[in-house]
Amino acid sequence: MSKFLVILYVVCLAASGFVNGSIIKKEKDQIRVFELKKGDLTLKVTNWGATLISLLLPDKYGKLGDIVLGYDSPTAYTNDTQYFGATVGRVANRIGGAQFTLNGIHYKLIANEGNNTLHGGPRGFSDVLWKVVKYQRDGDRPKIKFSYNSFDGEEGFPGDLLVTVSYILSEEGSLSIVMKAKALNKATPVNLVNHAYWNLGNHNSGNILNQVVQIFGSKFTPLNDQLIPFGNFSSVKGTPYDFLKPQVVGSRIDQLTKTNGYNVNYVLDKNKNDDNEVKVAAIVTDKRSGRVMKIATNQPGLQFYTANYVKNEKGKDGFVYQPRSALCLETQAFPDSVNHPNFPSTIVTPEKPYNHLLFFKFSTTHAPHGF
């Protein structure tokens, strides 16, 4: 890159208020925390990155605990490098070579992980201020809806995009997250993800190695050394990735030396009648607390990540998070889909909007936990 282009790029970043990870004071002053409450479940979110910052619910003894990793201050999320609880986009996960071709046009993105683009680029949707469209704190259906207008060329992606994310408490012990996007003028790839770090024992209870996970995916997408899919599918059978039956997380995790734990995309098993139908993706159980979390989605994939790169991260109440201190179970499109024609398409057009449904059902072993 020429010296002139470098200077121009820095000037543009400064104009947007973002240089070296900082944001203008005006934006910081607008960061707020919003609470939703229904029964024993209390959810807190912030308009910075449309981020889920805490989820409080009882264990089997009735003792309340927060099961989401994060920070005490909402402004701390402006310097977050782990994407704690964030809404990630325009395209979550990785795009190989930070580039793709769409409708005959080659697009070069901003690389922020080696030669690749991760989670939308240096300033993806997790690092912007979202607008609050609707907010109802309690009642029969507590809800908050955020919106963000992504401009043509943002982080290199084509087209103007209107994005909304809604958090809804519709039933006792239930959380719905609805992520929508509408292309306003050009076709563009979209893959939105909620990047919550879950620890059903409580955010400060240590590692998750004794928690039990079941994932309804018979195949996964093998990765190269840069965590970019080769483009093929492999069976989970006979591998440490097999969670078709409930497995203790720590039982085989040490076999995954290259990634220091789980960091893989599962191909979720389809319903027989409808590929786009909502299906159960995963179930997590913590026997010590008795908490159970069931996840359902209409997306084709699920990224399972065991916080492998979280190290000495000072979180809530001064607790220091370490590797394997949480589970990320991110419903999504497959990584690098835009460069693999055999993967389900992530292309959104003005005629074909994006609609990502994500449902959580929380319970304890002393209560029914069906959807």
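**Strand E20**

I began with the side chains of E20: Asn263, Asn265 and Val267 point one way, Val264 and Tyr266 the other way, and all are buried. I kept in mind that this is a predicted model.

How many of the residues of strand E20 are buried? I found 5 of the 5 in residues 263-267, so the strand is largely enclosed by the rest of the structure.

Next I looked up its pairing. E20 is joined to strand E23 (residues 301-305) by 5 bridges in the antiparallel sense, and I see Asn265 opposite Gln303 in E23. Strand E17 (residues 219-220) also pairs with E20 in the antiparallel sense, over 2 bridges; there, Lys219 stands opposite Val267.

**The E1-E4 sheet**

I then turned to an open sheet of 4 strands, which reads E1-E2-E3-E4 in order and has antiparallel pairing. Which strands stand at the edges? They are E1 (33-38) and E4 (64-66); each has a single partner strand, so one side of each is left without a neighbour in the sheet.

Pro58 is opposite Leu64 in E4.

**Confidence**

Last, I looked at pLDDT. The chain mean is 92, with 91% of residues at 70 or more. Residues 1-21 stay under 50, and for them I found 15 contacts beyond four places in sequence in the model.

Terms used:
Residues numbered from 1 in each chain as written. Predicted model: local features only at pLDDT ≥ 70, side-chain atom pairs only at ≥ 80, totals over all residues. Heavy atoms only, no water. pLDDT = per-residue confidence, 0-100. Contact = heavy atoms within 4.5 Å. Pairing = 2+ DSSP bridges. Buried < 20%, exposed > 50% of the residue type's maximum accessible area, 1.4 Å probe, protein only.
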